[in-house]
Amino acid sequence: MTDQPTDSGAVLDALERLLRHSELASAPRLAAFLRYVVTETLEGRASHIKAFSIATSVFGRDKNFDPQTNPLVRVEATRLRQALSHYYARSEEHTSELQS
């Protein structure tokens with residue numbers, strides 16, 4: 001992370017644009033996961049983002065959730081990374097088409 005101040009409004013605007021993208025709009029669990037991570041980070045709690053907090057806050061698991069034995073958060077994080085990768089790859093393709 002950088003020490004530069006973040007324009008929270010711009011970040012939240014970008015988040016909303018991303019969440020309207022078809023892959024995330026049709027996957028409410030991934031959208032909730034991303035919203036949670038962005039919101040926690042903007043509110044200064046990035047160091048508290050752990051598999052357990054994601055499982056309980058985003059996916060409704062109880063306090064007995066064990067991230068060591070349950071791969072839920074790892075699996076969903078992989079799906080989220082893939083969706084973001086696809087989104088940004090398509091954005092780059094669109095940008096290069098516009099520049100041609």
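I took helices (H or I, at least four residues) and strands (E, at least two) as DSSP runs, numbered from the N terminus. On that basis I found five helices and zero strands in the protein, in the order α-α-α-α-α along the sequence.

I note that the model is predicted, so that local features need pLDDT of at least 70 and side-chain atom pairs count only at pLDDT 80 or more, while totals for chains, interfaces and linings use all residues. Residues are numbered from 1 along each chain as its sequence is written, and side-chain values use heavy atoms, with hydrogens and water left out.

**Whole chain**

I looked up burial, where buried means under 20% relative accessible area, exposed over 50%, and partly exposed in between (1.4 Å probe, protein chains only). Of the 100 residues in the protein, 29% are buried. I then looked up contacts, meaning heavy atoms within 4.5 Å. Among contacts with a separation of 6 or more, 46% come from residues 24 or more positions apart.

**Helices α1 and α3**

I recorded the packing of helix α1 (residues 8–20) with helix α3 (residues 28–42): the angle is about 175° and the axes are 11 Å apart. The axes are lines fitted to C-alpha atoms, for helices over the stretch in contact, and angles run from 0 to 180 degrees between N-to-C directions. Angles under 35 degrees count as roughly parallel, over 145 as roughly antiparallel, 65 to 115 as roughly perpendicular and the rest as oblique; α1 and α3 are therefore roughly antiparallel. From α1, the contact is made by Ser 8, Val 11, Leu 12, Leu 15, Glu 16, Leu 18 and Leu 19, and from α3 by Ala 31, Leu 34, Arg 35, Val 38 and Leu 42.

**Aromatic pairs**

I paired rings of Phe, Tyr and Trp (its six-membered ring) if their centres lie within 6.5 Å; planes under 30 degrees apart count as stacked, over 60 as edge-to-face and the rest as tilted. This rule gave two aromatic pairs. Phe 33 is in helix α3 and Phe 59 in the loop between α4 (51–57) and α5, 26 residues apart; both are buried. Tyr 87 and Tyr 88 are also edge-to-face, because their planes stand at 85°, with centres 4.9 Å apart. Tyr 87 counts as buried at 17% relative accessibility, whereas Tyr 88, at 43%, counts as partly exposed.

**Glu 76**

I located Glu 76 in helix α5 (residues 72–99). What does Glu 76 touch, leaving aside residues up to four places away in sequence? I found Arg 29, Leu 30, Phe 33 and Phe 59. Glu 76 is buried, because its relative accessible area is 6%.
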